[in-house]
Amino acid sequence: MRKDFIFNPRTRIFMVIISKYFFYRNYVGLSLWPFIILKNPELSQDRVLINHERIHLRQQEELFILPFYFWYLLEWSLKTCWYLNSYKAYRNLSFEREAYSHESDPTYLDRRKRFAFTRYLWRK
């Protein structure tokens, strides 16, 4: 397991942990506040992936961490029942839709409004 610190004065400090044992199937990154966990060291250079995970860190902060995880699991459970497909449910979570929509924009977090993920709750 390897740990790296990444610092951006405009966003906050977070720690990147590399662990290949943490992931299921094709998943390569995960945010567990205040950590970003990646499957392999090369991924720490992937700015799009890191930005995606930073968006999740911001979502976790504004929901005071534990409620974020409760909401995430509840929304995933409901959408898994709705879509009858866990991957499709994952891709349609409000948190994931916001992160995927803005992962390529490195300045998104600078102008993001609080609770922006709620705009993605019901849209297709």
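Helices and strands here are DSSP runs, helices of at least four residues and strands of at least two, numbered from the N terminus.

**Figure 1. Overall fold of the predicted model.** Along the sequence the elements follow the pattern β-β-β-β-α-α-α-α-α, giving 4 strands and 5 helices. Of the 124 residues, 44% count as buried. Among contacts between residues at least 6 apart in sequence, 39% join residues at least 24 apart. The protein exposes about 8,100 Å², and carbon and sulfur atoms supply 63% of this area.

**Figure 2. Confidence of the prediction by element.** The average pLDDT of the protein is 90, and 88% of the residues score at least 70.

**Figure 3. The largest nonpolar core.** Nine residues make up this core: Phe14, Val16, Ile18, Ile36, Leu38, Leu43, Leu49, Ile50 and Leu57. Strands β2 (12–18) and β4 (35–38) and helix α1 (47–62) each supply at least two of its residues. Another core, of 7 residues, lies apart from it and includes Leu63, Phe68, Leu93 and Phe117. Within the largest core, Leu43 touches Leu38, Leu49 and Ile50, as well as Val28, leaving aside residues up to four places away in sequence.

**Figure 4. Salt bridge between Arg112 and Glu62.** The two side chains meet at 2.7 Å, N to O. Glu62 belongs to helix α1 and Arg112 to the segment after α5 (108–111), so the pair ties together parts that are 50 residues apart in sequence. Both partners fall under the 20% cut-off for buried residues: Arg112 has a relative accessibility of 11%, and Glu62 has a relative accessible area of 5%. Glu98 joins Arg112 and Glu62 in a network of salt bridges.

**Figure 5. Salt bridges Lys79–Glu75 and Asp105–Arg111.** The side chains of Lys79 and Glu75 meet at 2.9 Å, N to O. Lys79 and Glu75 are 4 residues apart in helix α2, so about one helical turn separates them. Lys79 and Glu75 are buried. The side chains of Asp105 and Arg111 meet at 2.3 Å, N to O. The protein has 4 salt bridges by the rule applied.

**Figure 6. A nonpolar patch on the surface.** Phe70, Leu74 and Leu78 form this patch, and together they have about 330 Å² of accessible area. Leu74 is found in helix α2 (residues 66–83). With a relative accessible area of 41%, Leu74 is partly exposed.

Technical notes. Residues are numbered from 1 along each chain as its sequence is written. This is a predicted model: local features need pLDDT of at least 70, side-chain atom pairs count only at pLDDT 80 or more; totals for chains, interfaces and linings use all residues. Side-chain values use heavy atoms; hydrogens and water are left out. Patches are made of residues with over 30% relative accessible area and no salt bridge: like charges are joined within 9 Å, nonpolar side chains (Val, Leu, Ile, Met, Phe, Trp, Tyr) within 5 Å. Accessible areas come from the Shrake-Rupley method with a 1.4 Å probe; for residues, only the protein chains shown count as cover. Buried means under 20% relative accessible area, exposed over 50%, partly exposed in between (1.4 Å probe, protein chains only). Contact means heavy atoms within 4.5 Å. A nonpolar core is a set of buried Ala, Val, Leu, Ile, Met, Phe, Trp, Tyr and Cys residues joined through side-chain atoms within 4.5 Å. pLDDT is the predictor's confidence in each residue, from 0 to 100.
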